[in-house]
Amino acid sequence: MSSLEIRDLHVAIGEKPIVKSLSLTINPGEVHAIMGPNGTGKSTLAKAIAGHPDYTITQGDVLLGGKSILEQEPDERARAGIFLAFQYPSEIPGVSIANFLRAAVQARMGEGEELDATAYYKRLYQKMDLLKIDRKFTSRSVNEGFSGGEKKRCEILQMAMLEPRFALMDETDSGLDIDALRIVAEGVNTLRGPGLGVMLITHYQRLLEYIVPDFVHVMYDGRIVKSGDKSLALELESRGYDWVKQELAVA
Amino acid sequence: MKTPTDLETEPAVDVAENPALGIDQAAGDFSYDVSYKYDAGVGLNENTVRYISAVKKEAPWILDFRLNALKTFLAKPLPTHWATRDLENVEFDKIRYYLSQGQKPKRTWEEVPDDIKKTFERLGVPEQERKFLAGVEAQFDSEAAYSNIKDIVAKQGVIFLNSTAALREHPEIFRKFFGKVIPTGDNKFSALNSAVFSGGSFIYVPKGVKVAQPLQAYFRINAENFGQFERTLIIADEGSEVTYMEGCTAPKFSTSTLHSAVVELVALKGAKIQYITVQNWAPNVFNLVTKRGVAHEDAEIKWIDCNIGSRLTMKYPGVVLKGRRARGEVISIALANDGQHQDTGAKMIHAADETTSTIISKSISVGQGRATYRGQVHMGKHLKNCKNNTECDALLINTNSRTDTYPAITVRGDTHAVQHEASVSKVNEEQIFYMQQRGLTEAQAMSLAVNGFVNDLVRQFPMEYSVELKRLIDLEMEGSVG
């Protein structure tokens, strides 16, 4: 079984617990939306799964295809098929997107294996055409001086090239105007398929109009407090997060 | 002579054996037994100098020049009032100042002795020659063991010889400029070089000749405790153009080794000289080099200088802008790894109207490595419309890395334009995590960040050199993480 399984996960930043006993299983082909108010631990969850050194897992486990990945370095997790689309992608001055992706593709190859440059560029341009990205884009330095929309498209392009098994998309809609949002969502929809599981982290229901999830989970205070299908997102939109808080208080 | 104690030699041993240096580069870390025919012994005095001059069968004026230089060298103090006190660790009386197999430079590859050939094969000299070189003057220890000028270049009247042969065969050309750009007394190390110089390349490009392909020489140090004192003089006559490339890889030894070269360039009216260096010294080498060029009217001199490795490098390529509208440029990259100090920079002396100069310097400090930039820009009061643009950027890899910038800018007169920009940045953890999340190891991520930092400069290198440079940076960064 090649699912991404989060079991009773507890994550802390320093001494402060952020994620508290969170469990969730994502199967290939499924899109799970994680919604919730700010500061509830959504981004922490994604970064902890990817292995960010600032986040300490104090309890629980994360399994990929039945095997724990917690002992693995971030780059090993990435090569195993976990992709994090960053909310705030870093700039890498002087390194072009084409060269960066080439290094990332090369890193996935066996020792002594040489990357076929012609085939690589062919594939890169194919993906760019698919995502309707201008070819000039790849000669620019990674994220340097990019607009919010360009940064997110750059993330989607990387995802398309690296073909992960699971994508953790952290607030992919933040900072985007409606046109940019539509373009990015189209890109994600293009990559959707039976081989890809997606965790879609968002604050707003808006994104879910373009990327329709199979499941919606509401996160509050480090836990998933409510799960349902896409109708849950609409309910949240009309009743707000206070509704969830009140329900929790009653319980 | 002082007797060595364990304490004295210890620091050098530490540096050489420190695995964190990551300088293990397969191409340079080897040495073969070579039986030296001539050996000037250990230490330096008048006899050493006389011995070297006699072996080389030099004209009396050169011997006088050397003896004079020896006096100057002995009289001059170490410049520790501004430079690092690490210079005090150079043990001048334990160095061999001259070694040679007493061979004439070889013309064809077949004539080169096998063990020397092996060394060069590992350095890729013949291969590179086939690819793009017009002439190769590869220096093995003191003398050039292999030299070859392609017919085309020779037919154009270009002279490309080692220092000994050039001074013997063409004194009428070289004597006039020898020791004039960098006088013996310029500094203690230029004086030392002037006393014991050996090898190096002397080049003369006749009027109007444009050498299409770069000329190249490789330098290596191949004997323990052996200082290498090559001497290079390039004269580009009116309207001519030449590019010279110099690459250095040295085998590792556990005691200190001294490299002290003097490089003089003369670009006459309207001539262009480009001098490219990629140096990768073993971590026990003191690399104390004086490089300067004189650019006459409408002439252009460009130094591209890349320093990796060594224990201490002190090098400030300069251009004296002597003629109207002369242009000078220094582009430098320095990488200081643990236990290394790269003290580099540039000098631009404006001595005529409407002269322009550019300095772009980038340094990378890894671990406890230290990079220092020293720049001198001088514009006199009587001059008009001179321009300088200086940019120096430092990248720190670790929190204990160090960088210093000492710009000295003297501008008199009111029609000059001078611009100085400096920046210090650090590779941050988020950047590294971002790259790791794409599947790169931490070392690969570091290496990519460093390569990105120097990318705009590396693009100005010839292709072969930029590939080599990228590989060297990768190797240096391997030891920098974890």
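Predicted model: local features only at pLDDT ≥ 70, side-chain atom pairs only at ≥ 80, totals over all residues.
In the model, 17 residues of chain B are in contact with 32 residues of chain A. The size of an interface is often given as the accessible area lost when the parts come together. For chain A and chain B, the buried area is about 2,000 Å², and carbon and sulfur atoms contribute 60% of this area. One salt bridge is found across the interface. This salt bridge links Glu155(A) to Arg438(B), with a distance of 2.6 Å between the closest N and O atoms. On the side of chain A that touches chain B, two or more residues are given by each of the helices α1 (42–50), α2 (74–80), α3 (97–107) and α5 (148–162) and by each of the strands β6 (82–85) and β7 (92–96). By class, the residues on this side of chain A comprise 18 nonpolar, eight charged and six polar.

Chain A also contains an open sheet of six strands with mixed pairing, in the order β6-β9-β10-β3-β11-β12. Strands β6 and β12 (223–228) of chain A form the edges, each pairing on one side only. From one strand to the next, the twist averages 20°. Within the sheet, β3 (residues 31–35) and β11 (residues 215–220) of chain A run parallel and are joined by four bridges; Phe215(A) in β11(A) is the bridge partner of His32(A). Helix α7 (residues 230–239) of chain A packs on the sheet, where α7 touches β3, β11 and β12 of chain A. The direction of α7 makes about 45° with that of β11(A).

How values were computed. Residues numbered from 1 in each chain as written. Chains lettered and ligands numbered in written order. Heavy atoms only, no water. Contact = heavy atoms within 4.5 Å. Buried area = accessible area lost by both parts, 1.4 Å probe. Salt bridge = Lys/Arg side-chain N within 4 Å of Asp/Glu carboxyl O. Nonpolar A, V, L, I, M, F, W, Y, C, P; charged D, E, K, R; others polar. Pairing = 2+ DSSP bridges. Axes fitted to C-alpha atoms, helices over the stretch in contact; angles between N-to-C directions.
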